[in-house]
Amino acid sequence: MKRTGWIALALVLVLFPLSFDDPYYEQLGSLVLLAAISASAWNLIGGYAGQVSVGNAIFFGAGAYMPLLFYKLWMVSPLFGFPAGIAVSIVIAVIIGIPTFRLSGHYFSMATIAVAELIRIVVSNWDFLGASIGLTGPAVARDWSDLIFRSSTPYYYMFLAVLVLLLFITYRIERSRFGYYLRAIRSGERAARSLGVPVSRCKLYIFMLSATFTSLAGSLYVVKFGFVDPSSGFGTLISVNMVIIAAFGGAGRLLGPLLGAVILIPLQSEANSFFGGGGTGLTYIIYGAIIMLIARYEPGGLLEMWDRFRERRASRRNKALERAQADSKVQNSTAG
Amino acid sequence: MLLKAENVSMQFGGFRAVSGASLEINQGEIIGLIGPNGAGKSTFFNCLVGDLRPTEGRVWFDGHDVTQASPEEHAKLGIGRTFQLPATFEDLSILDNVMVGAFLRHPRVSDALEAAHRVLELTGLSEIAQQKAKTLGTPGRKRLEIARVLATEPKLMLLDEALAGLTPVEVRRAIELVRKIHQSGVTLVIVEHIMEVILTLTDRVLVFNQGKVIASGKPSDVVNDPAVVEAYLGRSLSRQKGRAA
């Protein structure tokens, strides 16, 4: 992307909350960023390394539960729960990753689904974690460190800062040896191995990084909403959401998940208010349709579609140019 | 001695694909592995590069016992291999394919880029370096596989039917490339069906039949060995005659 494009994108993201006075849009903006963070975190393992995790809600849930658990136990600021959520997430990532990353194929995806459901069921029945009712944070801010604000705007900028950090790290990885290795693994594990790529280790490292940022997304979610229960923390839809948003925009592309979130989250929010309480089921139906459309017509997502469109236009222009040159040559020779 | 395989056997359930094959390769040689389809060449090949762990026997490379080593470790020690069916990274550009190989010895991006461009120059892929690998046909893919392995700077390179499926002109170009690689100091093992390749390139051949090495020696001698003619050339000749009739 050109420099002007980056600057324009940065301006839009920074100025967005200032251009609306409507709390609905402020709220929507922060939801888009939150979805972009978790989808971008999924993109590391699912997009770049091509290891489709359908259980990243494990980390989201761990990140969401830990701050409120710390508050429940010791009445401390939820900020203390952030590193705890990350630590728990990394441990779980290692436990899932070490046995499954030796195998290629779908074992990893299956393991992530199984572990996510297992954890959701355990948490739903564990009183220590509030069982099916979940956990609640402080109702009123005691001081700034409770991170409770009336308006959505402070959350928006907090989320934006985390997203920028994540995208910056992703950008650096993309251009490093590690990034090349991840793309090689996605393209062909056996061949990557034969060229000396430490496949299992690369997959494990990127999964740990993905877990870290997904957990952070969960923690950010919970400081904004002050409440989490098993389905909003560990629900299957949380995992699926990340996959769809990233794949829709463009998996394995730096800005794919952000694009996906910018389009799908407002759509989701509109659909929910349009259909009222009965609309939540419809979200699943829409998602199913999107999955089918992406898988059938555009596995590379919107960004790849755009690339192809530009390529086609460029090649058409080149051909027209060549034809014009050939024509003028013919004219010259007949004239001569 | 660069590589030594001693009594290597590979058993798949009740089927013994390779049975007691031995091989010694000296620095600077070109060795050919030939034999009819299903003779165990590829299985033996895969035992040498770490894709399969032999059920019996030992393999040493450059003083290391590599019998149980992973493909990654083989690559690190300096054993490079191509695949019978090209396994290029389809979505990556040709340059990036070679970069992945180059990173093995050059962790820094700028160094790897330089090394990759050297290899692309040598293999004649420079001009199309920015194209995606999936735009290549079979000859291009085979060439790219060789380039990618070359970028790992191997001491020993094993080519698994790297020239199969090419037109005679392409075969000649590929032979030239293999010669160039050999001259740069790489020892080679070639699995091949095309006799022209074996006769013009190799110093020594091993003939496989039904999982066993039935002959070895100079290509010109081996071709006249009655057991070999019977097992391999005889059959393919008679098949050709049948087709002509």
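Below are a few worked exercises on this predicted two-chain model.

Residues count from 1 along each chain as its sequence is written, and chains are lettered from A, with ligands numbered from 1, in the order in which they are written. Since this is a prediction, local features need pLDDT of at least 70 and side-chain atom pairs count only at pLDDT 80 or more, while totals for chains, interfaces and linings use all residues.

**Exercise 1. Find out which helix of chain A has the lowest confidence and which the highest.**

Start with the scale: pLDDT is the predictor's confidence in each residue, from 0 to 100. Chain A averages 89, and 96% of its residues score at least 70. Now go helix by helix; helices (H or I, at least four residues) and strands (E, at least two) are DSSP runs, numbered from the N terminus. Confidence in chain A is lowest in helix H13 (residues 279-297), with a mean of 76, and highest in helix H7 (residues 177-187), at 96. For context, chain A has 14 helices and two strands, and its C-alpha trace spans about 95 × 55 × 35 Å along the principal axes.

**Exercise 2. Work out the strand order of the six-stranded sheet in chain B, and which strands stand at the edges.**

Two strands pair if DSSP finds at least two bridges between them. Begin at E3(B) (residues 30-34), which runs parallel to strand E8 (residues 187-191) of chain B over four bridges. Ile30(B) has Leu188(B) as its bridge partner there. Four bridges also join E3(B) to strand E9 (residues 204-209) of chain B, again parallel, with Gly32(B) opposite Val205(B). Elsewhere in chain B, E6(B) pairs in parallel with strand E7 (residues 156-160) over three bridges, and Ile79(B) faces Leu156(B).

Put together, the order is E6-E7-E8-E3-E9-E10 in an open sheet with mixed pairing. E6 (79-81) and E10 (212-217) of chain B are the edge strands; each has a single partner, so one side of each has no neighbour in the sheet. From one strand to the next the twist averages 15°.

**Exercise 3. Decide whether E3(B) is buried or exposed.**

Five of the five residues in E3(B) are buried, so the strand is largely enclosed by the rest of the structure. Next, check the faces. In a regular strand the side chains alternate between the two faces of the sheet. Ile30(B), Gly32(B) and Ile34(B) are buried on one side, and Ile31(B) and Leu33(B) on the other.

**Exercise 4. Describe the side of chain B that touches chain A.**

Contact here means C-beta atoms, placed from the backbone, within 7 Å. By that test, 22 residues of chain B are in contact with 18 residues of chain A. Helices H2 (71-77) and H3 (94-102) of chain B each supply at least two residues of that side. Sorted by type, the chain B residues are 13 nonpolar, two polar and seven charged (nonpolar: Ala, Val, Leu, Ile, Met, Phe, Trp, Tyr, Cys and Pro; charged: Asp, Glu, Lys and Arg; polar: the others, Gly among them).

Notes
Contact = placed C-beta atoms within 7 Å. Buried ≥ 20, exposed ≤ 12 C-beta atoms within 10 Å, placed from the backbone. Axes fitted to C-alpha atoms, helices over the stretch in contact; angles between N-to-C directions.
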